[in-house]
Amino acid sequence: MADVTAEKKGADAKSGIGALLGGRLRENGMLLALVAIVAFFTIMLQLNGKDFLNPANITNLFLQNGHVIILALGMLLVIVSGHIDLSVGSVAAFTGAVAAYLTVVLKLPFFLVIPMVMVVGGCIGAVQGYWVAYWRIPSFIVTLAGMMVFRGATLWLLGGENIGPFPTAFQAMANGFVPDLFGVGKPNVLALLLVGLAIVLQFWIGFRARARDAEFGIAQEPMGFFLSRTIVVAAGTAFVGYQLASFRGLPDVLVLLVVLTVLYAFLTENTVAGRRIYAVGGNEKAAKLSGIRTERLVFLCFVNMGVLASLAGMVVTARLNSATPKAGTGFELDAIASVFIGGASMTGGSGKIVGVVVGALIMGVMNMGMSILGVGIEFQQIIKGLVLLAAVVFDVYNKSK
Amino acid sequence: MPTLLEMRGISKTFPGVRALDNVNLDVEQGEIHAICGENGAGKSTLMKVLSGVYPHGSYEGEIVYGGQPLHLKGIKGSEAKGIIIIHQELALVPKLSIAENMFLGHENAQNGVINWPRTTHQTEGWLRKVGLSELPGTLVGKLGVGKQQLIEIAKALAKDVRLLILDEPTAALQENDSDKLLALMLELKAQGVTQILISHKLNEIARVADRITVIRDGGAVSTLSAQDISEDRIIRDMVGRDMAHRYPERTPNPGEVLLEVQNWSCWHPEQAGRQMIKDVSLTVRKGEIVGIAGLMGTGRTELAMSIFGRSYGKAHSGTVKMGGKATDVSTVTKAVAAGLSYVTEDRKALGLILEEPVARNITIANLPGVSRNGVLDKRRETQVAEEYRKQLAIRTTSVQQKVVNLSGGNQQKVVLSKWLFTDPQVLILDEPTRGIDVGAKFEIYTIMKDLAAQGRGILMISSEMPELLGMCDRIYVMNEGRIVGELARSEASQEKIMGMILKGEGKAA
């Protein structure tokens, strides 16, 4: 099991970045923006005599934004296929409530609860996807309805009250850490090893992709550019990894995120199914006339979104240690914003997993930085809105050039 | 005749490309001046300079219009001077009425309130002028392309046009609609409207144009007057070489029957009780190129698409046999698996994913061919794309180039490559040379010839009769959803085909 985790950790999100950026201005720009935002908050907080990049904050960054990344991965597929899902916040709340009901009221163990709740999420996605794909009801309408229906269903299930607390086994989903198999504790040797492996893989995958591009005669970015970016990402990985290792080790959520990110990056970039989703979003009629079962793919994108929403719902519920009627409010907007900051097109057909993860991290870093800086919630909202607008304007401007 | 327009030494440079290189053009008052040239030769760029899309200062050279130097800031400026361009892609709003479209942008309004009676009345007048009897309140989306084209012209007339520029006005039109349009052009000429006609269709040019300017590679090659016009001369100027044969030589050698359609019928998807395809039977043999002639809207595309995975219509009946055996072609996937391909007439809307690269477009109909266990082999994909790029001479900087950046002829080759990669036995080609230039057409014909020589069967739908006559071994004539006749190569002629269509119409009525 440790080996499997090690491998997946190895092909980390960051090595994914190394492999997939490929001289693309948009994603390089995103990465630069992330670095700049981190630098900005570090300096601002230093001036105020506070710490930004300390181990606790870095750990919290992943704990507090894990659900956004999980939702954004599924949202990318939905948006690439040419649709939108507004219901994910409500679905996350509802599935969280179901998880709470099963765990706290029915006292089922977590290894039964987790798959059961994922099936519930999948069914919710299937119902919404059915109307969108086979009846051609606009997804905006269907999922707006879903947003209301499942918010109501959450209230009904919880009876207007919170359900909790959870047994520690369930809480570990959100608050647990990978134990140090080498028993050293601090710094966490296992974490250091995994991070080291991730960095090595990052370079390896990056160079392999360059070699492949060269073979295919695809225009490459300059070597210096490639190297400096890979080194920046590697340094970031090393820093984050060391900080995490010297604190409490790798959070379970981070492992889940890395596994999911690698999985979805692979799905979208390297599989027939992924390629077809892009084709459906790019030109549905042409895809259909090319023998692609467009309805079924759209349907499956929504099923997938439902499953990921239930996963996000459980992570949030576990972190708060209770299911609440108001949980998940606004999650859909964070996820959608991450996807668009990450470079997906509103009309479907384009967008990358790596971009989405970076987009979600940008949102997360800003949330955290502004909170520590003491920026009021009102200005946080305004600033986040402006960042979303700026990212998309940047995109459109680049395209029109 | 006095000169209305003089363009002197026009050059226009885009980053890395010199689109126009010292082009001279003069248009006399009251003439129809044709401009022809291959796609990408610079015709559209020249017209964009003339109509103010590229404002004064963004190009070199001088434009004199009606004796005055013309310094345009935008398209509004050119319209104010009576220069109106009708683009190939019509700029009408389908969900608005004819009258609303007609006065879009310069409404009959006082203080922002539209005077509907006057608008309707004036619209009626303009419609009569272009020979349309539609009510001004009819939604434009309900009209065919031919009538929409006439409405565009009516709209131009309403703006007091002095110089009307028509960019490939008949590209999407059927023969009889084209005839009407050309007649209208001559009528407008008699009324003193100067016109510039951009067209690929040499017979049309010969019919209406007084003079012709040929543009090649961004420069004006020659301006000829109507007396000197010969099609061969124009073609030579356009492509810069002699083209003795417009169709490749081929020796047909038809083998056994590959595709057999029997008693095929289907109904309109929305309008209940409207039968679109009526009891059609046809065959395509190995190594044979079979044509389907007919007017637009006669059901040729509907026939092809209904056979190809029931992509059109409902309540299908009849049988399809491939290689002598009844075959299930009820979905696109099954049709493709059975060895059938359909190359659409509308490559941008139905054939290509414009924002994706050439390679991805080529493999999309046969991803299993470049993958193992559902995982893509990108190296293999690139190899496949490179093979077709060589084989079909697709001109692109790389197979990773987005297809939206390719010219029409090269886009068509990408669509063909996509279907060839599914290794079809029978290809249905729907208007395979629509909107592409003479040189690229010849290349497409050559590809068709090679495919037939490989033993594939080709069913070609075309509105250009010379093309059908030049390429096909046999021609089916279709009218109002049924096949009204069949002609062997030796007996086919434009007159016979038209005769069958007309007689067929008599029968149907």
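This is a predicted model: local features need pLDDT of at least 70, side-chain atom pairs count only at pLDDT 80 or more; totals for chains, interfaces and linings use all residues.
Residues are numbered from 1 along each chain as its sequence is written, and chains are lettered from A, with ligands numbered from 1, in the order in which they are written.

Let us start with chain A. It has 17 helices and zero strands; here helices are DSSP runs of H or I with at least four residues, strands are runs of E with at least two, and both are numbered from the N terminus. The radius of gyration of chain A is 21 Å, close to the 21 Å that the globule rule gives for 401 residues, so the chain is as compact as a globular protein of that length. (That radius is taken over C-alpha atoms, and the rule is 2.2 Å times the number of residues to the power 0.38.) Along its principal axes, the C-alpha trace of chain A spans about 55 × 55 × 45 Å. Of its 401 residues, 50% count as buried, meaning that 20 or more other C-beta atoms lie within 10 Å of the residue's own; exposed means 12 or fewer, partly exposed is in between, and C-beta atoms are placed from the backbone.

Next, look at where the chains meet. In all, 20 residues of chain A are in contact with 26 residues of chain B, contact being C-beta atoms, placed from the backbone, within 7 Å. On the chain A side, α9 (189–216), α12 (272–282) and α13 (284–289) each give two or more residues, and α12(A) gives the most, with five. By class, this side has seven nonpolar, nine polar and four charged residues; Ala, Val, Leu, Ile, Met, Phe, Trp, Tyr, Cys and Pro count as nonpolar, Asp, Glu, Lys and Arg as charged, and the others, Gly among them, as polar.

Leaving aside neighbours within four places in sequence, Leu354(B) is in contact with Asn283(A), Lys348(B), Val403(B) and Val404(B). Leu354(B) is partly exposed because it has 19 other C-beta atoms within 10 Å.

Chain B is assigned domain 1 (3–239) and domain 2 (257–508), with bounds from an automatic or database domain assignment. The contact between them takes 12 residues from domain 1 and 13 residues from domain 2.

Now for the interior. A nonpolar core is a set of buried Ala, Val, Leu, Ile, Met, Phe, Trp, Tyr and Cys residues joined through C-beta atoms within 7 Å. In the largest one, of 198 residues, Leu71(A), Ala72(A), Met75(A), Leu76(A) and Val477(B) touch the most other members. Its largest share, 16 residues, comes from helix α14 (residues 294–320) of chain A. Apart from it lies another core of 62 residues, including Ile35(B) and Tyr65(B).

Finally, turn to the strands of chain B. β1 (residues 3–14) and β4 (residues 60–65) pair in the antiparallel sense over five bridges, where pairing requires that DSSP finds at least two bridges. Val64(B) in β4(B) stands opposite Glu6(B), and Pro69(B) in β5(B) is also a bridge partner of Val64(B). β4(B) and β5(B) form a hairpin with two residues between them, and Gly66(B) in the turn has a positive phi of about 60°.

Note on methods: Two residues are in contact if their C-beta atoms, placed from the backbone, lie within 7 Å.
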